[in-house]
Amino acid sequence: MNLKKIKFFLPVYLVMIVLSVFAEDASLAPTPPMGWNSWNHFYGDVTDKIIRQQAEAMVSSGMRDLGYVYINIDDTWEGVRDNKGEIHSNSKFPDMKSLADFVHSKGLKLGIYSSPGRKTCGGYEGSYGHEVQDANTYAAWGIDYLKYDLCSLGDLMKVTATHDTATEMMKAAYTKMHNALVSTGRPIVFSLCQYGKDSVWAWGPSVGGNLWRTGTDIEDKFSSMAAIAFRQAGLGKYAAPGHWNDPDMLEVGNGGMKDFEYRTHMTLWALLAAPLIAGNDLTAMTPATKEILMNKEVIAVDQDKAGRQGDRVYAEGPIEVWSRDLADGSKAVAIFNLAESVLIIPVDFSKLGFKGPVNARDLWEHKDLGVLKEVYTAKLFHHSCQLLKVWQ
Ligand code: GLA
C-alpha cells in the first residue's frame with residue numbers, strides 16, 4: 001500500500017480500533033447467555049452455601065450440559081470498603097475467590113452484581129468512584145459476568161440539569177465500567193440493568209453491553225410476565241450475536257404460575273432470543289419445571305445461531321401470533337391464547353410468509369405434525385400456547 005493510501009485509510013483504521021475497544025465484545029455472548037441468578041427466589045437471603053448448592057444442582061440436573069453455565073450472585077453480597085477503598089464481601093460470602101474456584105471446578109462460571117451508583121437497589125455498597133478498583137477485584141476473584149444495576153445513580157441523574165445530560169451521565173457510567181472490565185484482561189459478560197430507560201437497546205452495544213434489561217422487574221405472576229414479554233414487540237432489530245434484549249430473569253418453577261403458564265413464559269423468552277437466566281431453586285425442581293427449563297428443542301430456538309430475535313406477526317384480541325426466523329431457513333411460530341377461556345384459533349400460514357402447505361413440528365410435544373394446510377386450527381387453553389417449527 002502506498003503512502004497516499006495509508007494516509008487515506010489511517011482515520012478509518014483508528015476509528016475501527018477505537019470502536020473495537022469501546023463496543024461490546026461479541027465473542028462473550030454469541031448466543032443469549034444461559035444460567036441462573038439468585039434474586040427471583042432467594043432475594044437477600046443468598047449465601048455462599050446456597051450458591052454452591054445451586055452450582056451442584058445445575059450440574060446434577062443436566063442443566064449445565066444444556067448450556068446453563070452462569071451462576072450469578074445478585075444484590076446483597078457486598079460488604080464494606082477497606083481504607084484503600086477495596087470492596088469486600090459481607091459475612092454471607094466469607095471467601096469469594098474460593099467460591100469462584102468451586103463454581104469453576106464444576107465447569108460453570110460465576111457472576112456478580114453491582115451498581116454505578118453509590119448504593120445498590122438493596123442499599124449495599126455500589127461502585128461509584130471505584131469502578132477500576134472493583135473491576136480488578138472481580139477479575140482477581142475469578143468473576144465472569146457482571147450485572148450492573150442503575151439503582152441510586154438514577155437519583156443522582158435526577159438532580160442533573162436536563163434529560164440529555166442525565167442520559168449522558170448514565171451512558172458514561174456504563175462505559176466507564178465496561179472499559180474497566182476490558183482493562184482487567186478477563187472476559188466478563190457485561191449485563192446492563194437500567195429498566196429500559198432512554199431506549200437502551202439503541203445504545204447498549206456502544207457502552208459495551210452484552211445484554212440490557214428492557215423494562216421493569218418481572219414478578220412471578222402471569223400478568224407481569226405477559227405484560228413484559230408482549231411489550232418487546234418491535235425490539236428484534238436491536239438484538240444480534242454479542243448483544244441481546246433482556247426482558248428479565250425467568251420465574252419458571254417459583255410457584256406463582258401454573259406449569260402451562262411457565263411454558264408460555266419459556267416459549268416467549270425463546271422467541272425473543274432472551275437470556276435464559278433461571279431464577280428458581282435448582283435443588284428442588286419438579287419434573288414439570290425440569291421439562292420446561294430443559295426442553296432441548298425450545299432451548300435450540302432461543303440459542304439459534306443466526307441470533308435473529310422473533311417478533312409479533314399479528315394480534316387479534318387475546319390471540320397473539322409471533323414468529324422467529326431460524327438459521328436453517330425454518331421459522332419458530334408461537335400461537336398464544338391470552339384469554340381466560342379455551343379458544344379455537346385459526347392460524348393462516350400465508351400471513352407468516354408461507355405459500356401453500358407447510359411442514360410442522362410441535363416443539364413442546366416433540367411431535368411431527370406432518371404437512372399442514374395453509375390455514376391451521378389450534379385449540380388452546382387459557383394462558384397456554386403452541387410452539388411450532390414450520391418449514392417448506
Ligand atoms: C433491581 C433489579 C433486580 C434485582 C434488584 C436487587 O430491582 O432490577 O433484578 O437485581 O434490583 O436489589
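Two strands count as paired here if DSSP finds at least two bridges between them. Strands (E, at least two residues) and helices (H or I, at least four) are DSSP runs, numbered from the N terminus. By that rule β8 and β9 run parallel, with three bridges joining them. This is a predicted model, where local features need pLDDT of at least 70, side-chain atom pairs count only at pLDDT 80 or more, and totals for chains, interfaces and linings use all residues. Residues are numbered from 1 along each chain as its sequence is written, and side-chain values use heavy atoms, with hydrogens and water left out.

**The sheet**
- Eight strands form an open sheet, ordered β9-β8-β7-β6-β5-β2-β1-β10, with parallel pairing.
- The edges go to β9 (244-246) and β10 (276-278); each has a single partner strand, so one side of each lacks a neighbour in the sheet.
- L211 has W244 in β9 as its bridge partner.

**Helix α3 against α4**
- The axes (lines fitted to C-alpha atoms over the stretch in contact, with angles from 0 to 180 degrees between N-to-C directions) of α3 (residues 48-60) and α4 (residues 96-105) come within 10 Å and cross at roughly 10°.
- That makes α3 roughly parallel to α4, a label for angles under 35 degrees.
- On the α3 side, D48, I51, R52, A55 and E56 meet S98, L99, F102 and V103 of α4, where contact means heavy atoms within 4.5 Å.

How values were computed:
Angles under 35 degrees count as roughly parallel, over 145 as roughly antiparallel, 65 to 115 as roughly perpendicular and the rest as oblique.
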